[in-house]
Structures are given as structure tokens and as C-alpha cells.
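Dear colleague,

Please find the structure below, handed over for your attention. My notes on what was found in it follow.

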Amino acid sequence: MNITKLTVIGTLLFAQSIFAQFKQTPLPYAYNALEGSIDAETMEIHYTKHAAGYVANLNKAIAGTPLEKESLPQILSKVSTLNVGIRNNAGGHYNHELFWMILTPEKNTKPSAQLSKAIDKTFGSIDKLKEELSKAGATRFGSGWAWLVVTKDGKLVVSSTPNQDNPLMDVAEVKGTPILGIDVWEHAYYLKYQNKRNDYLAAIWDIINWKEVSKRYEVALRRK
């Protein structure tokens, strides 16, 4: 390979490194670690194709703009002023980064005492919370997400959003900090559950990382 080609390749790689502001966090578990609730093939395709596509397209969309210097929450907070490509891909990247972290192969994790108290006060019990979140996911028409949100006044609220929207966006009906999000796009469950979204929503509770959700709850309270 001659020097000219090496120079061109080097320049391209340098440019990619500059513009690749956002990156995927490595999964904290193997693709097959959630078997029983989510199969390995779905996890691999979901992470390496769908989620990877969002971050790649986001980086392309903001390349050479002032948004390169902003955080993801900053971008999400003003999506009403941005084009739909940035809205969808910024939301897709944020949502999936949260989703991977609130799943775990560890069995029987529990909410912290602080979060448990808030859940009982707001919903009556953790089982009632699960019912509300599952209902929010099941009744979301088309693709979208179900959320457990901490509002600005520190209250817990269940909501859902279409497509890759989330509660951090200025367009969201319910605004706040999401601490638990359930992906109800078909690509999140279709290989295993086909069109049976309710079965997926029932199974996902076995792999929710309540330790992580509790940490996010505490952080959200400190920020309000």
C-alpha cells in the first residue's frame, strides 16, 4: 500500500475519531445471559444492529454542528427544535443505554429500602407498579417504551412514549428522569415471543436490575 493511500486512510480514521462523540457502552453481560426472558440472538441483533445504528446515525447527524459539544440530555431537552433524525437517533441511543443497564442475569434483585418505600406510597406495592408498567407497555400502540419516571418534584410516575421518545425530551407529555425503561419495539422480543408482547412483558420482570434502578432513583432525587 503506498503512502498516499495510507495518508487517506489515516485521515479518515482521524476524522471518525473526532466525530464519534457518542459510543455504545459494552454490555455488562453476555448475549445469552438473559435466556429465559430474552434469547441470545435477539440480544445480539438488538445491541449490534439496532442500537449500534442509532449511535452511528446520531454521530453522523451532529457532525460539524454545535451539538457535538453537548451532552445527550442537553440534546434531548430541545429536540422540538431539531430535525426528526436527531430526535429519533438521540432518543434511540439514550433509551438503549439505559435499557441494557436495568437488565441483569442476577436473580431476585430487590429495590432499595428508599425506592421500596416510594413505590409502596405511590402504587401500593411493587406488584401494582409492575402491573402499571406492563399495561403502559402493552397499550402503547405500535413501537415505543414504557417508563418509570422521577418527576421534578421527586414523585414516581409511570408513562409511555412512542418510537424512541423519552421523558427527558421537551416534547414528552410526562417529563422527568427515567429510571426504568422497557423497550416494546418488536425487534426487542419478536424472535422469541412473535406477536405476544404481553408474554415478553411478563417475562422481563425476572431480569430487571432493581439495584441499578435504585441507584438511578437516588441520583434523580439529588438532582431535583
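**Helix pairs**

Helix 2 and helix 4 pass each other in a left-handed crossing (left-handed if the near helix is turned anticlockwise from the far one by less than a right angle, right-handed if clockwise). Helices (H or I, at least four residues) are DSSP runs, numbered from the N terminus. Please note that this is a predicted model, in which local features need pLDDT of at least 70 and side-chain atom pairs count only at pLDDT 80 or more, while totals for chains, interfaces and linings use all residues. Residues are numbered from 1 along each chain as its sequence is written, and side-chain values use heavy atoms, with hydrogens and water left out.

The axes of helix 2 and helix 4 (residues 84–101) come within 8 Å and cross at roughly 140°; axes are lines fitted to C-alpha atoms, for helices over the stretch in contact, and angles run from 0 to 180 degrees between N-to-C directions. The two helices are therefore oblique to each other (under 35 degrees is roughly parallel, over 145 roughly antiparallel, 65 to 115 roughly perpendicular and the rest oblique). The contact residues divide into 12 nonpolar, eight polar and no charged; Ala, Val, Leu, Ile, Met, Phe, Trp, Tyr, Cys and Pro count as nonpolar, Asp, Glu, Lys and Arg as charged, and the others, Gly among them, as polar.

The axes of helix 5 (residues 113–123) and helix 6 (residues 126–138) come within 8 Å and cross at roughly 70°, which makes helix 5 roughly perpendicular to helix 6. This crossing is left-handed.

**Core and loop**

The largest nonpolar core has 61 residues, of which L103, L156, L180 and Y200 touch the most other members. Such a core is a set of buried Ala, Val, Leu, Ile, Met, Phe, Trp, Tyr and Cys residues joined through side-chain atoms within 4.5 Å. Helix 2 (residues 40–62) gives the largest share of this core, seven residues.

I204 lies in the loop between helix 8 (197–203) and helix 9 (210–223). At 1% relative accessibility, I204 counts as buried (under 20% relative accessible area, with exposed over 50% and partly exposed in between; 1.4 Å probe, protein chains only). Leaving aside neighbours within four places in sequence, I204 is in contact with F99, L103 and I182.

With kind regards

Terms used
Contact means heavy atoms within 4.5 Å.
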